[in-house]
Amino acid sequence: MADFTWYPSNGKAYSMMSNKHAEREITLYSLADVQLRFLCPADLDEVRTRCQDWFPIEYPLYWYEEITSSNSHFYSLAAVYQQQIIGLIVAEIKPHSYLNDEDTGILAKCFSDCDIAYILSLGVLKEYRRNGIATLLLDSLLKNLMTPERRKVKAVFLHVLTTNSAAIHFYERRKFRLHAFLPYYYSIKERYKDGFMYVLYINDGQPPWTLYDYIKFMCGRVANGAGFFPWVLLNVHKALGWLWGHHESTEQDHH
Ligand SMILES: CC(C)(COP(=O)(O)OP(=O)(O)OC[C@H]1O[C@@H](n2cnc3c(N)ncnc32)[C@H](O)[C@@H]1OP(=O)(O)O)[C@@H](O)C(=O)NCCC(=O)NCCS
């Protein structure tokens with residue numbers, strides 16, 4: 001992956017909102033000095049230190065080697081300010097059919113041969129939070145996923161601890177929607193913690209239909225009037241045909 005620098009077109013100044021929990025808050029009046037670039041092997045130690053600080057989960061060394069490798073299949077993007085990594089996003093794209101059991105059901109059946117993006121990690125250095133850095137990183141990922149070459153990617157999803165209100169606010173504000181509650185999903189320091197799965201549909205991706213969608217569809221048909229009654233007649237006719245065929249074949253079996 002080639003390195004690149006991203007500069008916001010508007011040079012917009014961001015003021016920081018109060019964050020009582022941050023030890024030291026740094027307000028970036030402009031994001032123009034923040035550089036976005038892909039990770040490289042030289043970042044391994046810095047990335048490892050950051051992740052150990054930001055996430056309660058311990059990742060094995062090979063994971064850090066993988067995300068910082070120059071030919072990594074991960075989308076591993078860093079936000080760099082004054083030569084230090086102040087933010088990081090790691091995502092991967094995989095076929096929908098490769099998802100774990102608990103992650104299935106994100107896409108409607110017609111998208112079963114499509115791809116899906118998974119955000120493994122997103123973190124920002126404590127003192128730089130609420131400056132729009134995570135937004136910058138996520139926007140860059142989404143922009144990449146919405147290019148014509150990535151049309152097959154129909155959704156982006158992630159897991160988050162149910163107690164991580166900052167991240168939940170962040171993703172909800174970015175239009176991610178709660179998809180599933182995952183009891184005891186995380187094992188952190190030998191204790192089980194609940195998780196949520198959040199999903200954002202992109203590139204015309206759609207979730208499977210729920211009962212509500214079917215009712216909405218029927219109501220739409222009724223509202224349309226003309227289209228609805230032939231549709232009902234056709235389906236009643238089909239059902240009767242099936243029942244009649246079924247009845248005849250069982251009669252023959254008896255003889
Ligand atoms: C979640 C996290 C990545 C957000 O990073 P950030 O750079 O502060 O996010 P942004 O500045 O782009 O925030 C954008 C919006 O998200 C919401 N948000 C972010 N942090 C929030 C918080 N602590 N409380 C409430 N809303 C928050 C706000 O709506 C914010 O907009 P605003 O500042 O205009 O109100 C950061 O808090 C973090 O690194 N947390 C620790 C690691 C982590 O939990 N990662 C997520 C794992 S899935």
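Which pattern does the protein chain follow when read along the sequence?

**View 1. Fold of the protein chain.** The pattern is β-α-α-β-β-β-α-β-α-β-β-α-α, and the secondary structure comes to six helices and seven strands. Helices (H or I, at least four residues) and strands (E, at least two) are DSSP runs numbered from the N terminus. This is a predicted model, in which local features need pLDDT of at least 70, side-chain atom pairs count only at pLDDT 80 or more, and totals for chains, interfaces and linings use all residues. Residues are numbered from 1 along each chain as its sequence is written.

**View 2. The largest nonpolar core.** This core (buried Ala, Val, Leu, Ile, Met, Phe, Trp, Tyr and Cys residues joined through C-beta atoms within 7 Å) holds 46 residues. Ile-89, Ile-133, Leu-137, Phe-157 and Tyr-198 touch the most other members. Elements giving two or more residues to the core include strand S3 (84-95), helix H3 (133-145), strand S5 (153-161) and strand S7 (191-201). A residue is buried if 20 or more other C-beta atoms, placed from the backbone, lie within 10 Å of its own; of the 255 residues of the chain, 24% count as buried.

Key
Buried ≥ 20, exposed ≤ 12 C-beta atoms within 10 Å, placed from the backbone.
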